[in-house]
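Here is a friendly briefing for anyone meeting this structure for the first time. Please have a look at the sequence and the model, then read on.

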Amino acid sequence: MKIEKIEFHRRDNATGKLTFLESGMGKDIPFDIRRVYYIYDVAPGERRGFHAHKKLEQYLICIHGSCTILLDDGSKQENIVLNDPSTGLYVGPGMWREMYNFSPGAVLLVLASEYYDEDDYIRDYDMFKSYLKEENK
Ligand code: TYD
């Protein structure tokens, strides 16, 4: 499985750090960002996600603290630690994800290519496997 992490632009100086990104063709985020959401105040030991998307593309950025993302493409699993506000993890369609190990106060920012659409979710792991089988026929 290919893990796509990108480093956003950073401007650091003695007073602090600044990260920026732009979206659109040929920009840092190659799709137009239609939705932004963030996950925070996650209780210790809790795990979230447990779904895949049919079409949605996302970049996950842990803008404060750290958390771990489990990615599963149906044949392989990878666990990726996010602990840097200037790094984004790409999560494309057909990828099961879980988020865990949130440090106290962690904030996980998500940049998404589409508006919220529950029909784009696959929330059952067995259905995810069947979906992949159908897709790869
Ligand atoms: P969900 O995607 O299941 O969260 P997680 O992947 O972190 O476990 O979303 C939780 C709830 O919020 C669910 O009822 C759907 C709703 N929701 C929206 O209404 N709009 C959104 O943009 C998102 C991401 C979730």
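Asp41 is found in the loop between strand 4 (35-40) and strand 5; strands here (E, at least two residues) and helices (H or I, at least four residues) are DSSP runs, numbered from the N terminus. This is a predicted model, in which local features need pLDDT of at least 70, side-chain atom pairs count only at pLDDT 80 or more, and totals for chains, interfaces and linings use all residues. Residues are numbered from 1 along each chain as its sequence is written, and side-chain values use heavy atoms, with hydrogens and water left out.

**Two residues with positive phi**

- Asp41 is not a glycine, although its phi is positive, at about 55 degrees.
- With a relative accessible area of 71%, Asp41 is exposed (exposed means over 50% relative accessible area, buried under 20%, and partly exposed in between, with a 1.4 Å probe and protein chains only).
- Phe50, which lies in strand 5, is another residue other than glycine with a positive phi, near 55 degrees.
- Phe50 counts as partly exposed, at 35% relative accessibility.

**The chain as a whole**

- The protein chain has 1 helix and 12 strands.
- Read from the N terminus, its elements run β-β-β-β-β-β-β-β-β-β-β-β-α.
- The chain is as compact as a globular protein of its length, because its radius of gyration of 15 Å is close to the 14 Å that the globule rule gives for 137 residues (the radius is taken over C-alpha atoms, and the rule is 2.2 Å times the number of residues to the power 0.38).
- Its C-alpha trace spans about 55 × 40 × 25 Å along the principal axes.
- Of the 137 residues in the protein chain, 40% are buried.
- Counting contacts (heavy atoms within 4.5 Å) between residues at least 6 apart in sequence, 73% join residues at least 24 apart.

**Charged side chains**

- There are 18 positive and 23 negative side chains in the protein chain, and the centres of the two sets lie 2 Å apart.
- Lys and Arg count as positive and Asp and Glu as negative, while His and the chain ends are not counted; each charge is placed at NZ of Lys, CZ of Arg, CG of Asp or CD of Glu.

- Phe128, Tyr131 and Leu132 are buried in helix 1 (residues 125-135).
- These three sit on the same side of helix 1, because they cover an arc of only 100 degrees around the axis (the arc of the directions from the helix axis to the C-beta atoms).
- Asp126, Met127, Lys133 and Glu134 are exposed on the other side of helix 1.
- The cover over the buried residues of helix 1 includes strand 5 (48-53), strand 7 (67-72), strand 10 (96-100) and strand 12 (121-122).

- Leu60 has its place in strand 6 (residues 58-64), and it is buried, with a relative accessible area of 2%.
- Leaving out residues up to four places away in sequence, Leu60 touches several others, including Ile69, Leu82, Val91 and Leu108.
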